[in-house]
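This report describes how the chains of one model are arranged and which of their residues lie inside. Please look over the sequence and the structure before reading on.

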Amino acid sequence: MPSSPLLPKLMKAHGVSRRSFLKYCASLTSLMALPPAMAPRVAYALETAPRPSVIWLSFQECTGCTEAITRSSAPSLEELIFDAISLDYHHTLQAASGAAAEHAREAAMKEHWGKYLVIVDGSIPLDEPGYSAIAGISNLDMLKETAEGAAAIVSVGTCAAYGGLPQANPNPTGAGAVSDIIKDKPIINVPGCPPIPMVMTAVLAHYLTFGIPDLDELGRPKAFFAESIHDRCYRRPFYDKGLFAEGFDDEGARAGWCLYKLGCKGPTTKSVCATVKWNDGTSFPIEAGHGCLGCTEPDFWDNGGFYKPLSAPAGNYRRVGQAAVIAGVAAGAGGAYLARKGKADALANHETVDAFTLEKEEKES
Amino acid sequence: MNATCERGVNALREQIDAPVASFFSSCVSCGLCADACIFFQETQDPQYTPIRKVELLRRVWENEYTLFGRLKSMAGLGNKITDEDFTDAERLVYDSCTMCGRCSMVCPVGNDITLMIRKMREGMSAAGHAPVELIGAAKRHTKGNSPMGDLSKAIQAQVKHASAETGIEIEFDKPGVDYLVILSAQEIAEYPEVIGAMAKIFKKAGVTWTISLEAFEATNVGIQIGNRDVAKYLVTRVVEAAERLGVKKVISPECGHAYQAMRWEGPNLIGREYDFEVVHIIELLDQLRAEGKLKTSGKDSDKITFHDPCQINRRGGINKEPRRLLNMVAENFVETDDAGTMNWCCSAGGGVGANERAADLKNAAFQLKKRQFEKVAPDKIVTMCAFCHHTLENALEDNDMDIEVAGLTEMMAEYLVDED
Amino acid sequence: MNNPNFDLLMFARGPLFDFALLVFVAGVLIRVVEILVLGRKKDFSKAKGKPVQQGIKTIFTRTLPRPGAIKANPITIVGGYVFHIGFFIAFLLFVPHIALIEELTGLSWPGVGRVIIESSTVLAVIAGLALLYTRWRDPVRRKLTTWVDYLVLVLSLLPLITGYVAVNKLFGDPTFMMALHILSVDILMIVFPFTKLMHAFTFAMARYYNGSIQGRKGAES
Amino acid sequence: MRNSSKSGADLVQLMGAVANLPTGNALPILAEIQEALGRLIESGTTAVIDLGSIPFTGGDEKILQEILGDGEVNAVLNAMGESFVQETAIPGVWRVDHYDLQGKTQARFIEVTFIPDILRTQPEDALRGHEMLAERLNERTGANEKGG
């Protein structure tokens with residue numbers, strides 16, 4: 001029975017003790033920023049939640065999000081969560097292809113109409129349906145069709161959440177985000193390029209246990225996107241001390257100084273990268289020596305350049321500056337001409353005065 | 001050819017140059033100039049804030065010499081200058097300003113407000129808004145040879161008297177001598193002792209000098225009124241006499257604005273350098289002292305303080321010279337507060353003394369001097385400007401203060417070494 | 001989906017900054033050219049001192065007040081110092097600002113830590129408020145002050161306040177506050193050439209002229 | 001530039017020092033513990049405080065440790081990584097720190113309880129233990145039978 005809870009059986013199969021499961025639930029509760037008293041409820045929900053049917057749609061994407069979520073170095077409970085879902089359609093992972101694969105999707109939709117979860121990675125081309133299609137069905141049609149019977153949609157990765165790289169200027173395909181198209185379903189955005197796997201699992205766990213998490217104005221779960229990377233960055237003390245790397249290979253960079261001047265977008269980027277980190281907590285981009293690109297934010301490709309400091313102007317200031325000098329000098333010259341002329345006229349109009357013409361007519365007598 | 005508002009505006013237009021434009025561009029309305037002004041200090045009336053006194057000049061500058069001002073005028077938002085504006089400025093530009101220059105010293109952005117008052121007066125006088133007393137003096141000086149009228153007879157009598165008293169012959173209009181001495185009308189009328197004093201000192205120093213009967217008057221009411229044409233006319237008399245006589249130097253007497261007129265404004269009024277040098281009498285005395293040609297013996301035991309004339313010290317750069325001289329002859333020399341570069345005006349310079357309308361303001365301003373003198377309580381106040389001398393003498397008397405006032409030249413002559 | 005806060009930030013950093021830069025650079029150039037072109041008549045009087053040297057010297061020496069001046073106008077002078085010094089420390093020594101200047105001009109220098117930047121900012125704001133107060137309360141300054149002066153003072157304080165709020169995340173979305181911070185600077189740049197903010201450039205000219213006029217006479221300045 | 005490597009090391013130290021400055025959150029937490037302990041005595045209500053949910057640095061930990069101290073029980077769990085369950089010198093107040101397989105901190109809790117749940121053997125595990133023991137006994141007896 002696909003809808004029966006599978007987790008206890010899986011745990012047993014993997015030789016995971018219940019104590020380990022409780023420990024995991026406690027940690028998960030903390031990660032989801034839920035009160036610790038909720039831990040037993042998390043455990044209960046995970047144990048009893050029916051195994052949901054999940055349809056994973058991949059559109060204009062690079063498969064990085066799928067890679068990230070399937071690349072765990074050690075077997076973990078995160079994997080169990082994924083095992084707990086019934087991934088009925090994922091055209092990269094599933095064995096079936098072509099018509100058979102589409103049948104699987106249709107069958108799953110039919111069987112779980114109104115209850116299945118749709119996960120989307122990749123953006124949707126809106127200019128021309130033919131830019132991206134699967135089995136002859138355009139991404140737009142497939143999303144609309146699949147979303148109709150969905151209980152909720154999780155937009156995984158910045159492309160699905162906000163348009164991402166395909167939408168970057170000049171946006172050749174007219175790429176749009178899921179939320180640009182689907183307006184009548186709850187959508188959880190888990191942006192990132194790719195998102196942190198642990199965040200994806202925690203969001204799924206939250207969905208499985210308590211439904212849609214608390215979202216911010218950009219549709220992101222607040223538990224993972226409330227604080228900026230800058231706030232929790234281990235290099236922050238250097239920022240506060242005024243110590244900044246000037247190049248990627250200078251002494252400051254090697255000493256671990258702040259990467260702000262090298263274009264780090266940490267201050268304007270909300271994500272838990274600096275605390276949860278990547279590859280099972282090994283590191284994150286800033287720790288690896290590169291500034292944050294701001295990948296969890298909309299339009300991050302076009303926000304003024306990856307290597308330009310956040311405080312630097314982002315427009316055509318060089319050309320404008322030159323134009324300003326020319327305009328200033330030209331207008332100054334015009335003003336100068338008028339001023340000089342005014343003064344010359346004044347001097348030409350000078351009436352020589354003597355002691356007897358210092359008074360006004362009516363006063364003189 | 002009569003004074004009109006338009007003539008006044010045009011004169012202001014002529015006066016605006018890069019310094020003025022930079023001053024107005026820089027003013028941040030901090031108000032620090034107010035405390036530098038003797039009239040504000042004594043009245044605490046904010047209208048006497050120095051920079052406010054030149055508002056009219058600022059308006060002309062904004063209207064006519066700035067792009068944004070021009071655009072404003074084109075949009076009908078400009079400000080039209082009327083004769084009333086000039087009338088309103090009279091009391092600020094003439095009555096409550098002695099052009100003492102203290103405000104120019106304190107302005108944090110470096111505005112020379114005093115210079116702008118001088119320029120304002122060009123416009124005021126051209127528009128017919130100069131004080132009547134000063135206009136009268138200008139007329140008298142133009143027609144005669146001094147602002148007090150014709151002083152030919154008086155100067156001849158005073159010179160004769162000095163000659164008789166000192167036994168030194170003083171020749172008028174003698175060509176080829178070292179120095180041409182010019183005097184202020186105040187000295188001729190009130191303090192003629194200075195003539196004898198100079199005669200004695202120059203004789204001892206072995207320098208030759210003369211006085212010109214055609215141009216003996218050093219003062220220049222054109223500078224006080226603020227009219228360059230009048231000032232030029234008056235300064236030309238002295239320049240012509242000096243060059244005709246072929247003197248090396250013209251000695252500017254103990255008179256503040258005369259020094260400004262002769263030494264600093266004169267060449268610019270006539271548009272060329274002089275063929276001679278202009279030195280202030282105190283500068284000259286100090287030079288003679290340095291050369292060992294001025295020797296004194298004995299010292300005055302009175303408690304003496306020194307009053308710095310604004311135009312000679314702050315605006316003229318003669319600061320250490322009088323002190324070096326005074327120390328030769330004064331045993332008990334005490335400075336007042338703020339003495340030197342930041343000294344306070346005698347209260348009546350820059351034409352204020354002649355201006356009846358400003359009498360109350362002048363009296364109010366003197367109270368500051370009074371307090372300073374009371375603090376030092378000197379027996380004698382020495383100065384190097386006949387008009388300061390005159391003002392202090394009268395004001396002290398009006399305020400029932402029994403303090404003697406003396407000119408420095410006269411005092412130096414008194415202690416000249418008597419050997420032969 | 002867009003982040004309106006980030007879009008505002010990009011607008012402030014992008015097109016509006018470009019416009020502000022245009023107005024600022026062209027405006028300041030016009031104003032400076034306009035002053036210089038009026039020129040000065042040749043002075044025929046024989047110099048006693050050294051006008052050029054004293055002019056240059058006065059640019060610096062006039063930075064210090066005359067003895068006694070502080071006592072007479074404590075708020076204006078002390079407030080003025082604290083405001084200017086604080087403003088320039090926050091502006092010129094905060095590394096993100098240096099990064100901006102480096103981007104524009106290629107010039108760079110070391111910055112200082114947050115403690116110094118933030119205390120300077122706080123002091124500058126307090127000083128600015130004190131200056132505002134004395135403008136409003138003191139009869140001399142009240143009479144001199146136009147509405148533009150009040151506006152300029154307030155506009156000069158806004159970048160300090162918004163910057164402090166943004167960096168410390170006191171309230172509001174930090175990205176939004178950062179956008180407001182840059183917006184406030186853009187506005188300051190735009191009003192700059194039209195107001196007394198020009199003194200930041202012309203004070204050196206004014207002090208030079210004053211010094212050289214006095215210097216010619218051998219008088220102090 | 002001469003001393004830069006040295007100053008670099010100093011700065012790393014400094015960075016650590018700055019990161020470990022107490023945030024001032026230790027005392028409020030202790031007050032909360034005191035209150036929770038009262039409730040535990042009165043009504044048997046247990047409480048859990050998640051130290052990961054608020055800014056809590058090494059400096060804060062030190063203050064907490066100074067005041068709570070070490071108690072009588074000190075258990076190490078080996079459940080998908082280590083967990084340390086220690087009773088503090090204040091009986092009824094427990095520290096529960098979970099680490100993952102890589103030894104990274106997963107979660108830090110203060111539990112105010114008579115015994116942390118995680119120490120108890122879970123019925124499901126006991127059930128599995130019962131099965132396992134039966135299997136093992138079966139194997140042994142089976143082997144004995146064969147061998148005997």
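## Domains, interfaces and cores

In chain A, the domain assignment gives domain 1 (51-197 + 213-223) and domain 2 (229-302), and this, like everything that follows, is read from a predicted model. The C-alpha centres of domain 1 of chain A and domain 2 of chain A are 29 Å apart. To the contact between them, domain 1 of chain A contributes 12 residues and domain 2 of chain A contributes 13 residues. On the side of domain 1 of chain A that touches domain 2 of chain A, eight residues are nonpolar and four are polar, with no charged residue.

| Pair without contact | Distance between closest C-alpha atoms |
|---|---|
| Chain B and chain D | 40 Å |
| Chain C and chain D | 13 Å |

Chain D itself contains four helices and five strands, which follow one another from the N terminus in the order α-α-β-α-β-β-β-β-α. Of the 148 residues in chain D, 22% are buried, and among the contacts in chain D with a separation of 6 or more, 46% join residues 24 or more positions apart.

The largest nonpolar core has 197 residues, and the members that touch the most others are B:Cys33, B:Leu180, B:Ile182 and C:Leu21. Helix α2 (residues 15-36) of chain C gives 14 residues to this core, the most of any contributor. Setting aside neighbours within four places in sequence, B:Cys33 has contacts that include B:Thr49, B:Pro50 and B:Ile51, as well as B:Cys103, B:Val106, B:Cys107 and B:Ile113.

Elsewhere in chain B, the loop between β2 (209-211) and α15 (221-225) holds B:Asn220. Why does B:Asn220 count as buried? B:Asn220 counts as buried because it has 29 C-beta neighbours inside 10 Å, whereas the cut-off for a buried residue is 20 or more. Residues up to four places away in sequence left out, B:Asn220 touches B:Ala231, B:Leu234 and B:Val235, together with B:His257, B:Ala258 and B:Ala261. From B:Asn220 to B:Lys143 the C-alpha to C-alpha distance is 14 Å, with the two 77 residues apart in sequence.

In chain C, helix α3 (residues 51-61) has buried residues at C:Pro51, C:Gln54, C:Gly55 and C:Thr58. These residues lie on the same side of α3(C), because the arc they cover around the axis is only 105 degrees. An α-helix has 3.6 residues a turn, so residues three or four places apart point the same way. The cover over the buried residues of α3(C) includes α11 (199-217) of chain C, while the face of α3(C) turned away from the buried side carries the exposed residues C:Gln53 and C:Phe60.

Key
Residues are numbered from 1 along each chain as its sequence is written. Chains are lettered from A and ligands numbered from 1 in the order in which they are written. This is a predicted model: local features need pLDDT of at least 70, side-chain atom pairs count only at pLDDT 80 or more; totals for chains, interfaces and linings use all residues. Domain bounds come from an automatic or database domain assignment. Two residues are in contact if their C-beta atoms, placed from the backbone, lie within 7 Å. Ala, Val, Leu, Ile, Met, Phe, Trp, Tyr, Cys and Pro count as nonpolar, Asp, Glu, Lys and Arg as charged, and the others, Gly among them, as polar. Helices (H or I, at least four residues) and strands (E, at least two) are DSSP runs, numbered from the N terminus. A residue is buried if 20 or more other C-beta atoms lie within 10 Å of its own, exposed if 12 or fewer, and partly exposed in between; C-beta atoms are placed from the backbone. A nonpolar core is a set of buried Ala, Val, Leu, Ile, Met, Phe, Trp, Tyr and Cys residues joined through C-beta atoms within 7 Å. The arc is that of the directions from the helix axis to the C-beta atoms.
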